[in-house]
Amino acid sequence: MAADVAGARRTPWVLLSPSLATISLLLIVPMLFIVVYSFWLRTATGADQVGFYLDNWIEVLGDRFYRDILFQTLLIAFYTTVICAFVGYIPAYFVANTRMKSKAFLLLLLMLPFWISYIIRTMSWINILGTSGALNTLLISIGIIDDPIQMLYNQQTVVLGLVHYLLPFMILNVYVSLDGIDKNLTEAAQSLGCTGFQAFREVTLPLSMPGLAAGSLLCFVLAAGTYITPIVLGGPRDAMFANLVFEAIVTQLNWPLGSALSLVLLALLGALVVIYTRYLGIDQIAKSFK
Amino acid sequence: MDDTKRYERLLNRYRDRDINRRTFLTALGAAGVVAGVTGGPMGMLARKAMAATPEQVRFDGWGGVVSEAFEKYAFAPYTKKTGIEVVSGTFGGADEYIARVKASQPGEFNLAHLSGVFDYARYHGLELTSELNEDNIPNLKNVIPTLVEPLRKITGGTISAVPYDYGTTGIAYNRKYISDDEAKAKGAKLMVDEAYKGKIGGWGEWKTRIWYGAMQSDQDPNNIQDIEAVWDMVRAHRDLALKYWSSGAELMSLLAEEEIYVTEGWSGRIKALQDQGHDIGYLDPAGGLGWQECLFVLRGSPMAACEELLNFMLEPEVAIAVAEGQSYPPALDPQKIELGEVIPTLPAFDPSGTLSSLSFFDPAYWNENEADWSKTFSRVQRGY
């Protein structure tokens, strides 16, 4: 009897063991390497000095430069998320409530950007907003401006590139949430005297908040961790925290400092995910990928 | 008994039918898993495989027309003669490649087309250099001695690479907006001229920014006395610049699309723009920044095979074809080798073969300051 109980207890672990082993090898072990690396030092030749040194952590946590760039990164991620939320809600609402037969086709269109490389999508803005790009050419040809306007290579274009990249994530999350709302609820609200807008404000919007929150979390985390967009669309000053990680590891060959920097970003974004999970549950995000 | 012997014994037992196919594959798979998880044994096996006469050597370069020229003129005849296959890879930048090599096992990467002296010193600092047997590379005698000597100085008399081509990082400007006379008169200071605010570019690489900052503050870039004055110039340039470019393609696009009117640029890339019909001027200011690229053999590589390949790549026919492909003069001495009609027309070409008009990064000086200056540049770039 006792052996049966012990066997029954072991079974889930046995079944889970391939997944646990994979996660351990591919996620936890590399992460531990990064933690260990962050306590090493870079020597003058670029080689690593093995040991237990707190220098990198003291530098990362004590230097205003890193705090400022981190703040700037969070700010850019925040702007991006807010814009994605406002711009993304409308198409999500349309797709969820459309009576068109081609709803599946609309969903396919939402997925279409993922088929094109993120870098190519980002670089496409150079051809649109550049001095001799499509927009300037159009404005000049219809006589609105005489000389091209400088639109590229600033923080606004970085945010624009991020919105372009992340908008589908927001739309999909909000769509999943809206699609799950019982249509009878809004009809009931309207039959009790609500206007269409009131029904939306009092019923649809609150019920779609989990999707909006899940989309916002995804957009924020992905935006805060990006480094390609500022390189392609940013000016000399425009950088995000991930650019510092890239520079430390690739340009300066300072893997220990890069490890400490990446752990700071990971901890911060991880904390956000934990807070979200605590109050809203992570399963909302998973729904949009089903 | 080493891993190779174990494998050979296992294979013999299978061939002799001592063990069946299933047992053989199971044993092999188990060994692979163990080696893969532990890392070390597999790495040792890889080193042994590379140390013997190899079936292939790996070459990494910049890709594009250069790789095509290497493939056609060097790799194919080399494989035909030796039976050794050249596996060709590419990288996007010197920093990216050194990071990949640093994370690899010795012998995993063999030859690479790298930026010259400064990076050579970095690889030496990381103990990644090898020792070439120059007797196996007879074509080395045709290379400009001025390019070989700095390499010898770093590695104590021996060399781990052969110089392959050279070029300059000069000032490129759009002649529609900036005349040749103005460019010549202002020199490096053209790039901190307020008149061109928002139309100035620059390579976002710390060494080049500091080099030009030194020139703009009238200092010798290889002996900077007032680094604060240099940082002030880097800041001034940053505030006037529209964009720091990070690749040759981006440099060409910014100039061709007239997003910027002036930037420093690589001589070969500017020549390519001129050949496309763009009216772009190019100026090497006094004390202009020269550089060389070399073919580097990494520690742990099969040396004899690599030396033979280097000799193939230094054949005048190959070196000239590659040079014409990338618009950078070859490292072959024009006093010894007839370089044809195109090479003398390339920017930065020195018919004397002395390169006396160019200045190069002093590797000892710049490596000594690398950690400090690269980190400071990262801050200055972001507004500090």
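Which residues are buried in helix H12 (residues 267-275) of chain B? They are B:Ser267, B:Gly268, B:Arg269, B:Ile270, B:Lys271 and B:Leu273. The model is predicted.

**Chain B**

- Chain B contains 15 helices and nine strands.
- Of the 384 residues in chain B, 46% are buried.
- Counting contacts in chain B between residues at least 6 apart in sequence, 75% link residues at least 24 apart.

**Contact between chains A and B**

- Chain A contributes 23 residues to the contact and chain B contributes 27 residues.
- On the side of chain A that touches chain B, the elements giving two or more residues are H3 and helix H11 (241-251) of chain A.
- H11(A) supplies the largest share of that side, five residues.
- By class, the side of chain A that touches chain B holds twelve nonpolar, nine polar and two charged residues.

**Annotated segments of chain A**

- UniProt, in an unreviewed entry, lists residues 12-40, 69-92, 104-120, 157-176, 212-233 and 263-281 of chain A as "transmembrane region".
- Residues 69-92 of chain A are 100% helix and 0% strand in the model, with the end C-alpha atoms 33 Å apart.
- For residues 263-281 of chain A the figures are 89% helix and 0% strand, and the end C-alpha atoms are 24 Å apart.

**Helix packing in chain A: H3 and H7**

- Helix H3 (residues 64-97) of chain A packs against helix H7 (residues 155-179) of chain A at an angle of about 40 degrees, and their axes are 6 Å apart.
- H3(A) and H7(A) are therefore oblique to each other, and their crossing is right-handed.
- The contact of H3(A) with H7(A) comprises 23 nonpolar, three polar and one charged residues.

**Helix packing in chain A: H2 and H12**

- Helix H2 (residues 55-62) of chain A and H12(A) cross at roughly 50 degrees, with axes that come within 9 Å.
- H2(A) and H12(A) are therefore oblique to each other, and H2(A) passes H12(A) in a right-handed crossing.
- From H2(A), the residues in this contact are A:Asn56, A:Trp57, A:Glu59 and A:Val60. They meet A:Pro256, A:Leu257, A:Ala260, A:Leu261 and A:Val264 in H12(A).
- By class, the contact of H2(A) with H12(A) has seven nonpolar, one polar and one charged residues.

**Positive phi in chain A**

- Most residues other than glycine have a negative phi.
- A:Tyr153 is not a glycine, yet has a positive phi of about 65 degrees.
- A:Tyr153 sits in the loop between helix H6 (134-141) and H7 of chain A.
- A:Tyr153 is buried because 26 other C-beta atoms lie within 10 Å, the cut-off being 20 or more.
- A:Leu253, also a residue other than glycine, has a positive phi near 55 degrees.
- The position of A:Leu253 is in the loop between H11 and helix H12 (255-279) of chain A.
- A:Leu253 has 24 C-beta neighbours inside 10 Å and so counts as buried.

Note on methods: Residues are numbered from 1 along each chain as its sequence is written. Chains are lettered from A and ligands numbered from 1 in the order in which they are written. This is a predicted model: local features need pLDDT of at least 70, side-chain atom pairs count only at pLDDT 80 or more; totals for chains, interfaces and linings use all residues. Axes are lines fitted to C-alpha atoms, for helices over the stretch in contact, and angles run from 0 to 180 degrees between N-to-C directions. Helices (H or I, at least four residues) and strands (E, at least two) are DSSP runs, numbered from the N terminus. Angles under 35 degrees count as roughly parallel, over 145 as roughly antiparallel, 65 to 115 as roughly perpendicular and the rest as oblique. A crossing is left-handed if the near helix is turned anticlockwise from the far one by less than a right angle, and right-handed if clockwise. Ala, Val, Leu, Ile, Met, Phe, Trp, Tyr, Cys and Pro count as nonpolar, Asp, Glu, Lys and Arg as charged, and the others, Gly among them, as polar. Two residues are in contact if their C-beta atoms, placed from the backbone, lie within 7 Å. A residue is buried if 20 or more other C-beta atoms lie within 10 Å of its own, exposed if 12 or fewer, and partly exposed in between; C-beta atoms are placed from the backbone. UniProt positions are given in the numbering used here, feature names are shortened, and annotations may be inferred rather than shown by experiment.
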